[in-house]
Amino acid sequence: MYKYNINLKQSFFLVVLLIVANLTYANDEYKLGKEKEWGIAGVVRTASIPYATESETVSSFVPMMFFENEHAFIHGMEGGLYLYQESDWQLSALMRLRYFDLPKEIQNSAGGDVVDTGIQARYQIDKEWFFDSEIMVDPEFRSYMNFRLGAEIESGDWWLNPTLETRWKEADFNSYYYGLSEDSNKTLGAGIDVKAGFMSRYHVTSNLYLLGGGYLSRLDNNAYSSELIDSRWQFEYFVGVGFFTDSSTSSRKDISNKPYLRIAHGWATPSNIGDIIRLESEKDEENNQLTSVFYGLPLTDEIFSLPIDLYLTPGYVQHWQSDVQNYSSEFVVAIKAYATISWPTKWRFGVAEGLSYINNVSYIEQTEMDEKGYRESKLLNYLDFSFDVNLGDLFEQSDLDGVWVGYSIHHRSAIFENSSQYGRIKGGSNYNTIYVQFDI
């Protein structure tokens, strides 16, 4: 059908860059230990397929993270850095997931969704309404421009984000995505399409929210003229649930959890998470290993009135060379929650959810993809399950109160073929790791 080689390295490096900038330029809110703006959610997106195929719609599960301060932001399917802010004007470096709506059964071979990068200029018309101008490129530098009128409206328990957008696409962009020129050698002209719709969020109680939205798009004449396209109109809608900063509180409260630095070393295993939890983990015969460093940025110390510490945690993972693989670098951005129990000594359970990008897929992961007949994906969902104990409490040494020693599962996967952005893969990789973590 159609081959699309997604190169996500530059886009994912931007995610890491925005986190580094956030940590480097901490504002007064961080110094005072205030609760941050945060969120984690999961939505199901369903969209019509504009191509001439037997399948009319395609659905995907989309995990989302949310975070914002005056220097950086992660808003679900996009993230970036605030480069300039003055009065009503704002300039941002931006990355955004763009869906490539093909039938589910060919998304793995075709490559799935795309992460674009670019620059956004925003003019704040008034307290609610804004106007965006964007210049964006895909991983192969096919360009387009967006012009968007939108608003962020809050009323009671509702948050609403209506938008009206026009998009100019250069000829190469139209030819590639709507003429599928890599296979067909069809050339299409440039064009302007239109998109309108909204995203919304409803506050149920405390940190629990419901999410929903929908958009309708109209293709330009040149894109619609492609013999591979059988519908000028395309719809998409989102339904999901999430956990966010409680909007019923007018100001951010003081929090007690501190930043942390975690250093870990791990060993690959061909076992799945269920086997590992049942203590039936097998050893990787090739003895592949990794070393990771994670930073924990405190978000809140309470969820649903329960004492749960929440962190934004970016990390770097070094996969070491072995007889079957070369060195490779993995970058992670996740949100991690800790539940602390003080009996018989102070210990914690932790779980993290986020994104992982690796520049060269590890041997343990590639082997599984080859066995199952999948095309590998460098971008996957990230999970971390951990258990640790506080050394100061364990040995009754106050000097060690900020030191934790523990075990964690380092996991990459694609959510059982349910996510197009991860290439419709089932499986991934697991590493058993041990770590030491320092409160800063």
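Predicted model: local features only at pLDDT ≥ 70, side-chain atom pairs only at ≥ 80, totals over all residues.

Colleague: How many aromatic pairs does a search of the whole structure find?

Modeller: The search finds 22 aromatic pairs. In one of them, the ring centres of Y51 and F100 are 6.3 Å apart and the planes stand at 75°, so this pair is edge-to-face.

Colleague: Where do Y51 and F100 lie?

Modeller: Y51 is in the loop between β1 (37-48) and β2 (57-68), while F100 is in the loop between β5 (89-98) and α3 (107-110), so the pair ties together parts that are 49 residues apart in sequence. Y51 counts as buried at 5% relative accessibility, and F100 counts as buried at 3%.

Colleague: And F235 with Y237, why is that pair stacked?

Modeller: Because the planes of F235 and Y237 are at 5°, with the ring centres 6.4 Å apart, and stacked applies to planes under 30 degrees apart. F235 is partly exposed at 37% relative accessible area, and Y237 is partly exposed at 39%.

Colleague: Which residues form one aromatic cluster?

Modeller: The cluster is formed by Y51, F100, Y144, F173, Y176 and Y177. Over the face of Y144 lies R167, at 5.7 Å from the ring centre; R348 lies over the face of Y338, at 4.0 Å from the ring centre.

Colleague: Switching to T345, is that buried or exposed?

Modeller: T345 counts as buried, at 14% relative accessibility, and its place is the loop between β17 (328-341) and β18 (347-358). Leaving aside neighbours within four places in sequence, T345 is in contact with D393 and L394.

Definitions and conventions:
Residues numbered from 1 in each chain as written. Heavy atoms only, no water. Helix = DSSP H or I, 4+ residues; strand = E, 2+ residues; numbered from the N terminus. Buried < 20%, exposed > 50% of the residue type's maximum accessible area, 1.4 Å probe, protein only. Contact = heavy atoms within 4.5 Å. Phe/Tyr/Trp six-rings, centres within 6.5 Å; stacked < 30°, edge-to-face > 60°. Lys NZ or Arg CZ within 6 Å of the ring centre and 35° of its normal.
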